[in-house]
Amino acid sequence: MPNKQDIEFKTVDGLTLRGWLFAGPPRAPAVIMTPGFNLTKDMIIFEAGQFLNAAGFTVMGYDPRCVGKSDGTPRNDIQPFKNIEDYHDALTYLKTHQRDLVDPDKIAYWGYSFSGAIALCAAALDKRAKAVIGCSTLTTWEFSKWKQVLAKAMKDRESQLAGNQAMYLPLLTEASENPAGFGKGYGKEDVLGIIRRHASIEPSFVPRTTLQTYYNMAAFRPMALMPFVNPTPALIMTGELDEISPPELQRKLIYDVFQGPKEFVEIPGKAHMDILTGDGSVEVFEKQTEFLNKVFGQVKRVDGTNALNGVGVTASKSVEVKG
């Protein structure tokens with residue numbers, strides 16, 4: 001197990017967010033990462049954090065506000081605009097409280113799925129981050145039950161102002177559909193099964209969100225910020241079989257908008273939920289390591305060797321770099 005530390009940091013609006021830190025060599029480049037929609041730091045992204053740390057990076061992951069062990073109420077209320085700000089405060093934490101560990105001029109933002117868009121928006125607004133990685137970045141933000149959900153959201157706001165608790169919706173129905181009609185492709189990737197397995201082993205993971213989450217999502221327009229990622233170097237990674245966020249949309253709406261240094265990597269045989277796990281995931285991590293070393297310069301692995309020695313980041317049949 002890498003040198004894992006429990007950490008916490010304050011946001012500008014006074015919340016305490018909690019996570020882990022895998023310490024790299026002194027003054028190493030650093031990566032800040034968060035998981036996908038309503039997920040906790042120990043789901044999906046944990047293995048990626050371990051690999052990047054072994055490759056020589058200090059890696060910080062944390063539960064988004066209102067989720068897992070981080071503060072924030074109502075619980076499991078997804079707030080994309082605040083999630084963006086929290087990346088900025090996480091970077092400030094590394095600069096001020098981990099100054100002996102981290103090179104403040106070599107910090108990258110990293111996000112998966114929903115947080116892929118959050119990380120990219122954070123990089124668009126914060127040029128202290130010198131690189132950004134979006135993995136299976138979410139591209140579809142509308143939901144099919146728009147009118148009904150927003151009408152109910154207004155009733156929920158009235159109810160809360162009358163002193164009642166926030167209303168909640170499950171992440172998915174028994175039919176593997178989002179109750180607000182947000183996104184598709186969940187059944188094919190057995191997302192409901194993944195949710196149930198994690199709920200049984202991860203006590204801080206609660207598989208529901210507030211109804212107001214979808215009000216927040218309706219107001220969020222991340223693609224409008226994509227041009228402002230420039231000139232920050234960006235890596236966009238996707239599985240070729242991703243139906244939740246199709247590769248062609250990630251290319252058209254995100255990658256093609258960038259004018260600065262950029263890479264688009266499509267992983268054959270991988271979909272949305274399994275891109276960071278199972279067979280082929282090591283090549284995903286290797287490509288991320290290669291990209292970060294191009295941006296920050298060759299770093300030393302935790303064992304003292306060059307970060308790429310023995311890792312094998314040369315092109316393989318399972319990793320296709322496009323663009």
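The model is a predicted one.

Q: Which residues of α6 are buried?
A: Buried here means under 20% relative accessible area. The residues in question are Gln212, Thr213, Tyr214, Asn216, Met217 and Ala218.

Q: What covers the buried residues of α6?
A: The buried residues of α6 include Tyr214 and Met217. Both helices and strands cover them. The cover includes α2, α3, α4, β7 and β8 (208–210).

Q: At what angle do helix α2 and helix α3 pack?
A: Two packed helices are described by the angle between their axes and the distance between the axes. Helix α2 spans residues 80–97 and helix α3 spans residues 114–125. Their axes lie 9 Å apart, and the angle is about 60°.

Q: Why does α2 count as oblique to α3, rather than roughly perpendicular?
A: The angle between α2 and α3 is about 60°. That makes α2 oblique to α3, because roughly perpendicular covers 65 to 115 degrees. The crossing of α2 and α3 is right-handed. By its angle, then, the pair α2 and α3 is oblique.

Q: How do the residues of the contact of α2 with α3 divide into nonpolar, polar and charged?
A: On the α2 side are Pro80, Asn83, Ile84, Tyr87 and His88. They meet Phe114, Ser115, Ile118, Ala119, Cys121, Ala122 and Leu125 in α3. The division is nine nonpolar, three polar and no charged.

Q: How far apart are the axes of helix α1 and helix α8?
A: Helix α1 covers residues 46–54, and helix α8 covers residues 281–296. They pack at an angle of about 50°. The two helices are therefore oblique to each other. Their axes are 10 Å apart.

Q: How many charged residues does the contact of α1 with α8 have?
A: Glu47, Ala48, Phe51 and Leu52 in α1 meet Ser281, Val282, Phe285, Glu286, Gln288, Thr289 and Leu292 in α8. Six residues of this contact are nonpolar and three are polar. The charged residues number two.

Q: Is Ser281 buried or exposed?
A: Ser281 sits in helix α8. Setting aside neighbours within four places in sequence, Ser281 is in contact with Glu47, Lys270, Ile275 and Leu276. Its relative accessibility is 2%, so Ser281 counts as buried.

Q: What separates the C-alpha atoms of Leu17 and Gly72?
A: Leu17 is in strand β2 (residues 16–22), and is buried with a relative accessible area of 0%. Leaving aside neighbours within four places in sequence, its contacts include Ile7, Phe9, Tyr62, Ser70 and Asp86. Leu17 and Gly72 are 55 residues apart along the chain. Their C-alpha atoms are separated by 8.6 Å.

Q: Where is Pro74 found?
A: Most residues other than glycine have a negative phi, and most peptide bonds are trans. The peptide bond from Thr73 to Pro74 is cis, with omega near -5°. Pro74 is in the loop between β4 (58–62) and α2.

Q: What is omega for the cis peptide bond that joins Asn230 and Pro231?
A: Pro231 is in the loop between α6 (212–219) and β9 (234–239). A cis bond joins Asn230 to Pro231. Its omega is about 0°.

Q: Is Ser136 buried or exposed?
A: Ser136 lies in the loop between β6 (131–135) and α4 (146–161). Its phi is near 55°, a positive value in a residue other than glycine. With a relative accessible area of 0%, Ser136 is buried.

Q: What is the relative accessible area of Asp190?
A: Asp190 lies in the loop between β7 (168–170) and α5 (191–201). Phi of Asp190 is positive, near 50°. Asp190 is partly exposed, and its relative accessible area is 38%.

Q: How far apart are the end C-alpha atoms of residues 29–278?
A: UniProt, in an unreviewed entry, lists residues 29–278 as "domain: AB hydrolase-1". Over these residues the chain is 32% helix and 18% strand. The end C-alpha atoms are 27 Å apart.

Conventions
Residues are numbered from 1 along each chain as its sequence is written. This is a predicted model: local features need pLDDT of at least 70, side-chain atom pairs count only at pLDDT 80 or more; totals for chains, interfaces and linings use all residues. Side-chain values use heavy atoms; hydrogens and water are left out. UniProt positions are given in the numbering used here, feature names are shortened, and annotations may be inferred rather than shown by experiment. Helices (H or I, at least four residues) and strands (E, at least two) are DSSP runs, numbered from the N terminus. Axes are lines fitted to C-alpha atoms, for helices over the stretch in contact, and angles run from 0 to 180 degrees between N-to-C directions. Angles under 35 degrees count as roughly parallel, over 145 as roughly antiparallel, 65 to 115 as roughly perpendicular and the rest as oblique. A crossing is left-handed if the near helix is turned anticlockwise from the far one by less than a right angle, and right-handed if clockwise. Contact means heavy atoms within 4.5 Å. Ala, Val, Leu, Ile, Met, Phe, Trp, Tyr, Cys and Pro count as nonpolar, Asp, Glu, Lys and Arg as charged, and the others, Gly among them, as polar. Buried means under 20% relative accessible area, exposed over 50%, partly exposed in between (1.4 Å probe, protein chains only).
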